[in-house]
Amino acid sequence: MTKPSLPELLHAAVASVGGVERPGQVSMAEAVAEAVEDGSHLLVQAGTGTGKSLGYLVPSLAHGERVVIATATLALQRQLVERDLPRTVEALHPLLRRRPEFAMLKGRSNYLCLHRLHEGVPQDDEEGLFDPFEAAAPTSKLGQDLLRMRDWADETETGDRDALTPGVSDRAWGQVSVSSRECLGASKCAYGAECFAEMARERAKLAEVVVTNHALLAIDAIEGAPVLPPHEVLIIDEAHELVSRVTGAATGELTPGQVNRAVRRSAKLVNEKVADSLQTAAETFERVMELALPGRLEEIPEDLGYALLALRDAARNVISALGSTRDKSVQDEDAVRKQALASVETVHDVAERITQGSEFDVVWYERHDRFGASLRVAPLKVSGLLREKLFTERSVVLTSATLQLGGDFNGVGASLGLPPEGTEGDDVPQWKGLDVGSPFDYRKQGILYVARHLATPGREGSRTDMMDELAELVEAAGGRTLGLFSSMRAAQAAAEELRSRLDHPILLQGEETLGELIKNFAADPGTCLFGTLSLWQGVDVPGPSCQLVIMDRIPFPRPDDPLMSARQKAVEEDGGNGFMAVAATHAALLMAQGAGRLVRATGDRGVVAVLDPRLANARYGGFLRASLPDFWYTTDRNQVRRSLASIDAAAKADQA
């Protein structure tokens, strides 16, 4: 039997989901197949509605080697495992004559730990959670959640937190899960044979397609100990998120609360002298942190340096002592010891990392109203790590609706450790960028309006003219507005102001769960939804409920953001343009994601309104506009009000 061609396979897969083949999807599938075949790398921008999941699944399954797919969001992981993969595997089976297995794999703390569930959490000397687990009806929300999870443990096949509905708080989940450092290991654990995390790993080892998340991919790259099974092909979907997820995984944090927890957990397992030295170091650290002012620490202050050295050395002594003493009087000693060791090792590792003072790290203080001060350390850049760990021994395909910023792929490529496209050389990763376009006609479906007449937004203060403009636009649109704001304070101020001026319901992020807000926004076309960062990329509401997307200002990083400003400075010291490479690229990515909320289906029409004149007037405005979908562009406020009124009237006529 002759091997089926890629077009045949794609046709079968698209037919199985009741879809229509699109030219962009065909181009993408061909490019993915080519990259996989010759071991090169591909950055492919595929707009909403292209069908990019099938664009990479079909050539990957046809290749026949193991593929790992890493995504940023839970929604896409679910879509792949519950819908796209089962249908595609079944559709391709008659042609490929095989039925590839697929599996989901996440970090250990995402799975229910049976040891924790049945033996309980090794108690810190804090208040107990509630009366014993078996208490007939614990009244606290935490107690109710724990009892519900005990019932769920008997029926779940995966133990995956995301399969528990409704979900539970982080605090509740923390009572029934362990990190990889806290895990006893399958061979030492009484529940090792039934362990959900171990079963997930075993399924992944047998699967041809492994679906995971960016966080686990980052851990796999950073820690050196492989978590993912060996694979020939790596697909990174939602790739615009990768750098921030890897940065997050490589960021260390120390807080007084965390250090005190390590003291409590280890005190009962080591001799008094060793425990006292860690206690003293913790108290010194806490005193220093009480005086901490937010901001970057280009040099470690003497008092902090002394406190960190004391913490590091005391933690090292505790780690040695934990390994050499046994105390049978401690109930469930192995679990208590493992939890204590995990806590103390984290304190030791972060303290040592900061005291070593790598030029490739950025250190800063943060202060939260609720949680107090924290000390953080993050890599200045992750491009070198990604280049070394991702692009050496496998073919990598990175895809997203927003990878081409300012008209090319080199900005995103550089953040991933890739040289400019077309660079030749023996040790240089070979890659190409491809924009397969979108099935939408953006120039006919959408307008980009920049309110050029408004005052340039300052760092603080009310923007009265912006509020007037916002109210007039929402009124003209008949509601139907997704408001994307650069800060929660700005979103709250706008919601408060417009609730007093307009009759349209204004939903505000934080007043209800995100899922509930989006559901209510989609259900009533007259409603508006205002919010901040997660709304810029987390809303998929096709149809008449979202016909106006408003951005209050260009979302540059805050000037006092320690990591972003350090990265900007580093680019400038290397002779580059730090503002364009860091701040403008960050803003372009968010704006492209935000503008992408408007057109989600072929029948959608509407306006993206940017209430920041710099998009029209500043030199970098052209770069930012080139990163957005190719909407019809105007700065004419009267024209845009007429257009919104017309779109509103058409939507009402359709509903009548």
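The model is predicted, so local features need pLDDT of at least 70 and side-chain atom pairs count only at pLDDT 80 or more, while totals for chains, interfaces and linings use all residues. Residues are numbered from 1 along each chain as its sequence is written, and side-chain values use heavy atoms, with hydrogens and water left out.

Helices (H or I, at least four residues) and strands (E, at least two) are DSSP runs, numbered from the N terminus. Axes here are lines fitted to C-alpha atoms, for helices over the stretch in contact, and angles run from 0 to 180 degrees between N-to-C directions. As for the angle classes, under 35 degrees is roughly parallel, over 145 roughly antiparallel, 65 to 115 roughly perpendicular, and the rest oblique. The crossing of α1 past α2 is right-handed; a crossing gets that label if the near helix is turned clockwise from the far one by less than a right angle, and is left-handed if anticlockwise. On the α1 side, Leu6, Leu10 and Val14 make the contact, and they meet Gln25, Val26, Ala29, Glu30 and Ala33 of α2. Contact means heavy atoms within 4.5 Å. Sorted by class, the residues in this contact come out as 6 nonpolar, 1 polar and 1 charged. For these classes, Ala, Val, Leu, Ile, Met, Phe, Trp, Tyr, Cys and Pro count as nonpolar, Asp, Glu, Lys and Arg as charged, and the others, Gly among them, as polar.

Helix α1 also meets α3. The axes of α1 and α3 come within 10 Å and cross at roughly 125 degrees, which makes α1 oblique to α3. This crossing is right-handed too. Leu6, Leu9, Leu10, Ala13 and Val14 of α1 make the contact, together with Leu54, Val58, Pro59 and Ala62 of α3. The contact of α1 with α3 has 9 nonpolar residues, no polar ones and no charged ones.

Leu54 deserves a look of its own. Leu54 sits in helix α3, residues 52-63, and counts as buried at 8% relative accessibility. Buried means under 20% relative accessible area, exposed means over 50%, and partly exposed is in between (1.4 Å probe, protein chains only). Setting aside residues up to four places away in sequence, Leu54 touches Leu10, Ala13, Val14, Val17, Gln25, Pro59 and Thr88.

Some arginines are buried as well. Arg116, in helix α5 (residues 114-119), counts as buried at 6% relative accessibility. A polar atom of the Arg116 side chain lies 2.7 Å from the backbone oxygen of Ser177. Arg116 and Ala335 are 219 residues apart in sequence, yet their C-alpha atoms are 8.8 Å apart in space. The side chain of Arg614 is joined to that of Asp612 by a polar contact of 2.7 Å. A polar contact is a pair of N or O atoms within 3.5 Å; within protein, one must be able to donate a hydrogen and the other to accept it, and residues adjacent in sequence count only if both atoms are side-chain atoms. Not counting residues up to four places away in sequence, Arg614 touches Thr456, Pro457, Arg553, Ile554, Phe556, Tyr620 and Gly621.

Ser383 is another buried residue, with a relative accessible area of 12%. Ser383 belongs to helix α15 (residues 383-390) and, apart from neighbours within four places in sequence, is in contact with Ala414, Ser415, Leu416 and Gly417.

That leaves the backbone. Most residues other than glycine have a negative phi, and most peptide bonds are trans. Arg97, though not a glycine, has a positive phi of about 60 degrees. Arg97 is in the loop between α4 (74-96) and β3 (102-104), and is exposed, with a relative accessible area of 63%. Glu238 has a positive phi as well, near 50 degrees, and lies in the loop between β5 (233-237) and α10 (242-249). At 15% relative accessibility, however, Glu238 counts as buried. Finally, the peptide bond from Thr165 to Pro166 is cis, with omega near -10 degrees. Pro166 is found in the loop between α6 (141-155) and α7 (170-174).
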